[in-house]
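I opened the model to look up two things.

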Amino acid sequence: MVDSISGSNSMRVGGLASGMDTDSLVEQLMNAERQKLYKMEQEETKLNWQQDSYREINTSLSKLDDSILDMKLSTTYNNKSTSITGSGVTATASSSSANGTYSISVEKVATAAINYSLQPIASADFDPDAPIEGQEFTNTAEITNDDLTFSFTTFNEDGIEQDPPHQITFEKSDSLNDILKKITDSDAGVRAFYDGESRKVILEKKDTGDFNPEVNGPEIKFENNFLTKFLQLDATEETPGKNAEFTYNGALKITSHSNNYTLGGVTFNFTAETTNPVKVKVENDVDAAFEKIKAFVDSYNKIIEDVNGKLDEKRYRDYPPLTDDQKKEMSEDEIKLWNEKAKSGLLKGDSVLQNSLYSLRSAWYNNIENGGDYTHLSQIGINTSNDYLEHGKLIIDEEDLKKSLRENPEGVYKLFSNDVEGAGRGIVNRIEDTLSATMDNIYEKAGKSTYTNEQFTLGKQLNDVQDRIDDFQDYLTQTEDRYWRQFSAMEQAISQMNQQSAYLTSQFSG
């Protein structure tokens with residue numbers, strides 16, 4: 001056999017003189033040489049797996065860290081719920097509202113001013129989306145250049161009339177709907193639209209209330225323009241807006257432009273006039289606060305379980321990563337089972353994770369010197385599991401925690417969230433510190449998607465392995481060339497010996 005040598009101009013001469021299977025011999029020799037390359041490739045695979053495992057943990061830690069923001073809010077612990085006896089009023093309470101019962105009587109509900117065309121502005125075949133020029137209106141007038149600009153005024157919260165007036169300009173090619181949309185989109189706080197059934201235009205305030213200081217005066221003022229001439233609107237025919245009027249706790253009479261009014265942290269919404277006082281009861285929403293704390297504790301317990309699982313995972317040293325040649329000889333199920341064992345124990349006993357768990361436990365268990373009634377987790381019904389196999393998972397006594405939230409939500413809040421340094425630092429503040437430090441350590445070790453390999457420890461190790469693999473592949477090429485040169489030289493020597501032998505044989509036989 002004759003073949004060219006890869007990467008050189010030499011010729012491969014195999015077995016012509018000796019009759020040996022040189023290809024097979026060289027392949028066997030090279031397989032022995034490649035064992036070191038396989039080990040380096042397995043080392044590279046394990047480093048990649050280890051990097052993925054670290055990053056998975058960092059993702060879980062990041063999710064727990066994200067949930068901390070909610071746990072730092074006082075509203076998490078001091079939610080308020082409202083219950084209402086009667087109709088015509090709804091209410092929502094903020095965390096600052098005081099518990100108790102509030103009485104509301106609604107004498108008037110606020111309404112918005114509304115105006116509409118006195119008669120149909122056009123015939124039934126009027127197209128509000130067609131250009132305004134050429135449309136036939138009821139008054140038979142035609143759009144002229146003088147009609148292309150019109151204005152109107154409204155009143156602000158203080159009852160002051162808009163100056164200068166709101167001005168609308170349009171083209172003859174605009175449709176009626178285009179013009180009405182300009183009114184609606186302006187900053188006038190007015191809504192305008194065309195009703196095809198009645199063939200009238202409705203013009204109304206977006207906000208409720210009586211803003212015009214003139215008694216029964218219009219909220220939208222205009223005269224002698226496009227609105228009156230073509231849309232049949234008359235400002236004096238407006239149904240004016242009304243203010244809401246209500247009595248608080250049977251004594252204080254209050255007027256409001258809006259149907260929403262906030263008193264003592266409670267926002268009341270008026271939906272109808274009432275015949276009898278409506279009772280609004282405000283109290284702590286213990287269930288909502290309990291569920292948020294429970295969700296946070298459950299997330300923490302899941303982290304503890306997952307990380308401890310990685311730290312205690314058995315390492316199977318007899319199951320290195322498979323090479324491509326090994327995979328070719330196995331079924332998919334066999335590869336899957338093998339890889340499960342090969343990936344097991346990659347983070348076993350990892351010091352970064354062990355230190356993080358220790359700090360997290362300390363954050364939960366240490367006393368919080370906050371000057372409040374609650375300085376330790378056990379005082380509000382949260383304790384560690386007695387089962388040592390659970391590695392310090394937290395157990396909530398629902399009755400005790402709800403009792404604490406009901407009686408002293410501010411105390412529970414200060415136990416969890418107290419943004420000070422030192423011994424008074426709250427539990428979630430300490431946990432946040434630990435998570436941040438742990439994630440930074442893991443970034444330093446395993447990086448993240450935006451990092452280059454030069455920026456973290458495992459990345460540098462991967463670069464080192466890749467360099468060694470590249471160097472060794474060069475060595476393999478050179479070694480294979482050397483083997484072929486040696487076998488070719490042997491074949492040439494044997495060929496020369498065979499030629500000499502043949503020559504001598506022919507001489508003696510003659």
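I looked up the largest nonpolar core: 59 residues, among which I293, W364, I380, F416 and I431 touch the most other members. A nonpolar core here is a set of buried Ala, Val, Leu, Ile, Met, Phe, Trp, Tyr and Cys residues joined through side-chain atoms within 4.5 Å. Buried means under 20% relative accessible area (1.4 Å probe, protein chains only). The elements giving two or more residues to this core include α1 (22–71), α5 (286–312) and α12 (457–509).

This is a predicted model: local features need pLDDT of at least 70, side-chain atom pairs count only at pLDDT 80 or more, and totals for chains, interfaces and linings use all residues. Residues are numbered from 1 along each chain as its sequence is written, and side-chain values use heavy atoms, without hydrogens and water.

I then checked F416. Leaving out residues up to four places away in sequence, F416 touches M71, Y77, I293, W364 and I380, among others. Contact means heavy atoms within 4.5 Å.

I found an open sheet of 3 strands, ordered β6-β10-β9 and paired antiparallel. Strands are DSSP runs (E, at least two residues), and helices are runs of H or I, at least four residues, both numbered from the N terminus. Two strands pair if DSSP finds at least two bridges between them. β9 and β10 (residues 200–205) pair over 6 bridges. R191 stands opposite E204 in β10.

Conventions
Buried < 20%, exposed > 50% of the residue type's maximum accessible area, 1.4 Å probe, protein only.
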